[in-house]
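Me: I would like to go through some of the labels attached to this model and ask what each of them rests on.
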Amino acid sequence: MKFAIVLVALFAVALARPNKDAETVRFDVDNIGVDGYKYGYETSNGIKHEESGVVNNVGAENEAISVRGSFSYVADDGQTYTVNYVADENGFQPEAAHIPKAE
């Protein structure tokens, strides 16, 4: 159930971005259950988001969700920027050509 809440919250945040002309052109939900989820959407202004999550160590003391995904958007400079990420027990870990890498 908490996966459905997270999914709805993420989708609401994405749609709340002020752009009165953007429309949702695709919204897919392939799997939502107690052990994980998978969804994706695309808007008419070039925003795309794909994400899936699974629960690791179900029922154990160290039970945790592991999320993988990517999003892309068209910035004010006309470039499309894409971010791939993992979010798990090690935190949010984004990777993208425009994000500096820690050394």
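Me: What makes Ser52, Gly53, Val54, Asn56, Ala87 and Asp88 contacts of Ser66?
Reply: In this predicted model, contact requires heavy atoms within 4.5 Å, and, with neighbours within four places in sequence left aside, Ser52, Gly53, Val54, Asn56, Ala87 and Asp88 are in contact with Ser66, a residue of strand β4 (residues 64–74).

Me: Why is Ser66 called buried?
Reply: Its relative accessibility is 16%, and the term buried applies under 20%, so Ser66 counts as buried.

Me: Why does Phe27 count as partly exposed?
Reply: Phe27, which lies in strand β1 (residues 24–33), has a relative accessibility of 37%; since buried means under 20% and exposed means over 50%, with partly exposed in between, Phe27 counts as partly exposed.

Me: What makes Phe27, Val29 and Ile32 a nonpolar patch?
Reply: Members of a patch need over 30% relative accessible area, and nonpolar side chains are joined within 5 Å; Phe27, at 37%, passes the first of these cut-offs, and together with Val29 and Ile32 it forms a surface patch with about 230 Å² of accessible area.

Me: Which residues are in contact with Thr80, leaving aside its neighbours within four places in sequence?
Reply: Thr80, in strand β5 (residues 80–88), is in contact with Ser72, Tyr73 and Val74, while its C-alpha atom is separated by 8.1 Å from that of Gly46, 34 residues apart along the chain.

Methods:
Residues numbered from 1 in each chain as written. Predicted model: local features only at pLDDT ≥ 70, side-chain atom pairs only at ≥ 80, totals over all residues. Heavy atoms only, no water. Helix = DSSP H or I, 4+ residues; strand = E, 2+ residues; numbered from the N terminus. Patch = residues over 30% accessible without salt bridge, like charges linked within 9 Å, V, L, I, M, F, W, Y side chains within 5 Å. Areas by Shrake-Rupley, 256 points an atom, 1.4 Å probe, with all protein chains shown as cover. Salt bridge = Lys/Arg side-chain N within 4 Å of Asp/Glu carboxyl O. Buried < 20%, exposed > 50% of the residue type's maximum accessible area, 1.4 Å probe, protein only.
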